[in-house]
Amino acid sequence: MLVLRMTYFSLLRLIREPIGQLLLVGLPLVVITVLGVVIGPYEGMKGVPPLDLMAVTTIMGVQFFGGTYLMSYLDIDLLKTRKWRIYSLPINVTVYSSSLILACTLFSTLQGLVLVLFTTWVFGIAWGSLGWVLLVFIIYSFFAQSVHLLLTLSIHNIKLAERVSEVLGIGFIILTGLMFPLPDHRFFEFMSSYGNPVSLGKMAVLEMHVDGGQGTAYLSLLLLLALTVICMMISAWLGRRKLA
């Protein structure tokens, strides 16, 4: 119950920062609009129109950066500026950090849902079952938080952790082949599919409404969940050492 109450106040805190929200919502919409004009009436593959493929990949790529909220709050509240103030309060640090993770996951998921609804109504993007898409976004957002949590706890300098996060996020997008064609090599084939969390999120959404692709969609989501669990387990170990 305490976690839920603290999560509520953390969500209110997130709402008061409109600049980051505009970037994570407005940027993908601008990219989708511009690329949509450039792509034009290309013929899609496996029954998926190229605009749908580009929109889903772009939104998944940008959603990864939703973890920067958590990174900033952990650094301010538990590692530096407000560290001793938070530690002096009669609350469990694990409970507090869990509320931040939950709030950032929910907030990032809501941002993704806004993008899904907007691109459906304005661009006619076929997302398929909204319930399934929402589940994918929840797990994908949780994955993004777990990666940023791991970076925050493993890298002492928060600025360096932010740069590593940016390199990872941009690298994931590049390895999807969205920006330019990748070399015809097994390594890049793997990194553009099952070796890339952005591609896993994309496949979990798009393969679900492609004939015979449901197995790939389920597998992609399970792999994302497995990566999330691994990151959280490592973060829990690091957290006990760093936040104790």
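Predicted model: local features only at pLDDT ≥ 70, side-chain atom pairs only at ≥ 80, totals over all residues.

What is Met 60 in contact with, once neighbours within four places in sequence are set aside? The list runs Val 136, Phe 137, Tyr 140, Val 198, Gly 201, Lys 202 and Val 205.

## α3 against α10

Met 60 also turns up where two helices pack: α3 (residues 50-63) and α10 (residues 197-206). Their axes sit 9 Å apart, at an angle of about 135°. An angle like that is why α3 counts as oblique to α10. The crossing of the two is right-handed.

On the α3 side you'll find Leu 53, Val 56, Thr 57, Met 60 and Gly 61, which meet Val 198, Gly 201, Lys 202, Val 205 and Leu 206 of α10. Sorted by class, that contact holds six nonpolar, three polar and one charged residues.

## α6 against α7

Helix α6 (residues 93-123) packs on α7 at about 135°, with the axes 8 Å apart. That angle makes α6 oblique to α7, and the crossing is right-handed.

Residues of α6 that take part include Ile 101, Cys 104, Gly 112 and Val 116, while those of α7 include Leu 130, Phe 137, Phe 142 and Leu 149. By class, this contact has eleven nonpolar and six polar residues, and no charged ones.

Terms used: Residues numbered from 1 in each chain as written. Heavy atoms only, no water. Contact = heavy atoms within 4.5 Å. Axes fitted to C-alpha atoms, helices over the stretch in contact; angles between N-to-C directions. Helix = DSSP H or I, 4+ residues; strand = E, 2+ residues; numbered from the N terminus. Parallel < 35°, antiparallel > 145°, perpendicular 65-115°, else oblique. Left-handed = near helix turned anticlockwise from the far one by under 90°. Nonpolar A, V, L, I, M, F, W, Y, C, P; charged D, E, K, R; others polar.
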